[in-house]
Amino acid sequence: MTLLRRYGPPLLGVVLVIAVGVILHRELRDIPGHQILAYAQSLPVTVIALSLVLSALSYIVLTAYDALALVYLDHWLPYRRIAMASFVGYVVNHNLGPIFLGGSAVRYRLYSSWGLSSVEIAQVIAFTGLTFWLGFLTLAGAILVIEPGDLHALVPLDPNLTRLLGLVGPLLVGGYLFRCSLRSRPLRLKSWEVSMPSPQLGVGQILVSSVDWLVAAAVLWTLLPATPDLTFAIFFGSFLLAQVIGVASTVPAGLGVFEATLLIALAPFAPKSELLGAILVFRGVYYVVPLAVASLLLGGHELLERRSHAAEMGRIVSRWVPEIVPQAFALLTFVCGLLLLVGGTVPTETSKLQWLAHFLPISVLNLSNFLASLVGMALVLLGRGLQQRLNAAWALTVGLLAAGVAFTLLHSFDLQTAAVLTTALVALLPCRRHFDRSSSLFDEPLTPGWTFAALFVLVGAGWLLLFSHRHVEYRADLWWQFEVSSQASRGLRALAGAAAVLFAYGVARLLRPIPPDPSAPSDETWAHIETAVRDSPVAASHLALLGDKSFLLSADERSFLMYGTSGSTFVALGDPVGAPESTRDLVWRFHELAQRHGARTVFYEVGSTNLALYVDLGLTLLKVGDEAHVPLEDFDLDGPGRARLRRAHRQAAADGCEFEILPAPSVSALVPELRAVSDAWLAEKNTREKGFSLGRFEPDYLARLPVAVVRREGRIIAFANLWESGQHQEMSLDLMRQARNGPRGLMDFLFLEVMKWAKQHHYRQFNLGLAPFSGMEEHSLAPLWSRAGAFLYRHGEHFYNFQGLRHYKDKFDPQWSPRYLASPGGFALPGLITDVAALISGGVRGVVGR
């Protein structure tokens, strides 16, 4: 099942690409490639300009999707922010995948930085996806009802039956509007409740989506050849069908699927060469140009930010630009590599070649064509390195883009491709600081999707070579023809060079040393870990000293990430410990380590600081509870709100309780007495020792830390080991145990004495730990996990004292901050939670038992 989940989508994509390749080859086998390019180049400047204007208008209309979603949420944002989120998100969507599924990470990074919660962001994505389909159903149904005869080639049914089929869409849309009119009653889907928008907002969704579909189609309509038999109704029906089949195929941007569908649908009305030429220009106008604009916007922001760090927009955008820049440039670099490969295999205009031959030796033409294809395949592979923020990938990409510009001009003087590569280079140069990971390119895992994409590019270039030179008979001496007119030979060598680069990369990865499995840390490693724990401002970093975890250390050994393995899951505990500048690299390395072992990545009990980074790994965020922090500067026992604590403290003191903090060197001698208290507590609670995210009684672990004890008549009746963070940021207790029949308020007494001691020693706050499942949303639109957690918090007292623990900590008037689980979502979640629970409880037996 794991293999199917991991390799199923890429294999489905391979099948679809093969099918599309067969269709395209059949449809275009009798068409000279130069005719396709000739039509594209013959389009008037005014037509290209009009298509660019319509493309810009389409992206402006798309911003209304998000604007309507925010109206639905009753959450106001300035239009400039909505426009930025929409434009960047939809550029990524159009180039990488389906409209209604892509862009989640982009929207999360942007909208979360502007005050939207995770639930609200999920609602925005769902609302915009619904808007997308409402327009499609409306327009597709209208065309089938109004013009069933014109669409007989697409829908070969009786016109009356076609009209009946077309009524399905408007009826569904009408049902949606009717349900909107009953908005006082939420829509119930099994255990879910969804609040419906107002009828006015529903009508707005339909209008905006319909305009979007019409304007997007108009971009391609302006580029098509004028033919009397091709009506807009026929074209628009074909466009809708091609877009939806492209979305359903899961192929990025429907590449090839969209083209094949349109060619089949419109072939009776226009020459295929002109159709494909128009579609290629449409791809550039509606996909590539917006991608270049988005990249320039991001690069321009970097330059402006360096000139004026005080600008408000710079401060806001700087929160999400570091997460988007690597993704955008990974995609742009992939596109640049694709252009170089295509340019090396398709024929160049004879006039350009003859002009170049007047100035350059033939050997330069042949060599530059060959090297351009090598650079192209290298850029395709480097896109993955940029996505993973490798500094070596940035440096190589900069150099190869510059080389690609030179080789392109030398072998074909292709100004368009050179302009795209130059744009990418200029945009990438100021973004060096976003690629800060030091790692070998061969150590990074190449995902099945990226592997498929590289193979797809190579196979596509091979098909273009065969298609463009299908009238040239293959002979062995083709490899050794170097004349100016021997374009088939140059393309053949270029394709072989690109294949050699891909093969060499694969061999290098296979021959790389296998990374060692996790092992017990050495004495030297322990010294670095203890130093990082001692300096960390987070008290819970002391869990690294339990001895039940593995570690990843940063390159400078000043930071680490602690983790454990359970089943097929790698679980990191908390955020990385140490220098903040090492966090990104450690998180990525841990994710790659899990991938190399075929395991799933989980980050447990992480804070809010690095959530965007976990989203960037493709993980889903789930809240697991709230953590309590008591500010110590103003903490005392005065006032009516602390009356119960004062009474408990006085009662324990009157019963003869005495408080003492034992320094770490003196703890070992008292381990037998402490163990007696611990064993009695475990027996009374009928439970067993836990681990991983909870401390347990381990003599070596206790001897590393000071221990707070409460004595009565010289005998220890309660104890807790202390976590002292670096920089006096916070203090916390870990292992809290008390003897049987202790006085009432004994643990209150221990807590209060430790807090008083921490305040005297100038600690800023006291960490009371996590209250599981508290603070989780329970309203109808909350995610299922949140609602389940809230239900368990309210009704799960039989299993665990969830509410009691929250109420106990509330006595100290703490400040609460959320803690999250970052993990793959979907159906894998129950298994992941079981693996985490087993890790904490010491196995499955500890999960089902106490």
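This is a predicted model: local features need pLDDT of at least 70, side-chain atom pairs count only at pLDDT 80 or more; totals for chains, interfaces and linings use all residues.

Leaving aside residues up to four places away in sequence, arginine 819 touches Glu605, Val606, Gly607, Leu622, Lys623, Val624, Gly625, Glu627, His629 and Leu770. Arginine 819 belongs to strand β13, which covers residues 815–823. Its relative accessibility is 15%, and buried means under 20%, so arginine 819 counts as buried.

Among the residues that arginine 819 touches is Glu627. Along the chain, arginine 819 and glutamate 627 are 192 residues apart, yet their C-alpha atoms are separated by 6.8 Å. Their side chains are joined by a polar contact of 2.8 Å. A further polar contact, of 3.5 Å, links the side chain of arginine 819 with the side chain of serine 817.

Where does strand β13 stand in the order of the sheet? The open sheet is formed by 11 strands in the order β3-β4-β5-β6-β13-β7-β12-β11-β10-β9-β8, which places β13 between β6 and β7. The pairing in this sheet is mixed. At the edges stand β3 (550–553) and β8 (657–662); each has a single partner strand, so one side of each is left without a neighbour in the sheet. From one strand to the next, the twist averages 30°.

A helix also lies against part of this sheet. Helix α26, residues 746–760, lies across β7 (620–631), β8, β9, β10, β11 and β12 (765–772). The helix runs at about 155° to β11.

Arginine 712 stands opposite arginine 715, which lies in β10. The loop between β9 (707–712) and β10 (715–724) contains glutamate 713. What is the phi of glutamate 713? The angle is near 55°, a positive value in a residue other than glycine. With a relative accessible area of 80%, glutamate 713 is exposed, because exposed means over 50%.

Terms used. Residues are numbered from 1 along each chain as its sequence is written. Side-chain values use heavy atoms; hydrogens and water are left out. Helices (H or I, at least four residues) and strands (E, at least two) are DSSP runs, numbered from the N terminus. Buried means under 20% relative accessible area, exposed over 50%, partly exposed in between (1.4 Å probe, protein chains only). Two strands pair if DSSP finds at least two bridges between them. Axes are lines fitted to C-alpha atoms, for helices over the stretch in contact, and angles run from 0 to 180 degrees between N-to-C directions. Contact means heavy atoms within 4.5 Å. A polar contact is a pair of N or O atoms within 3.5 Å; within protein, one must be able to donate a hydrogen and the other to accept it, and residues adjacent in sequence count only if both atoms are side-chain atoms.
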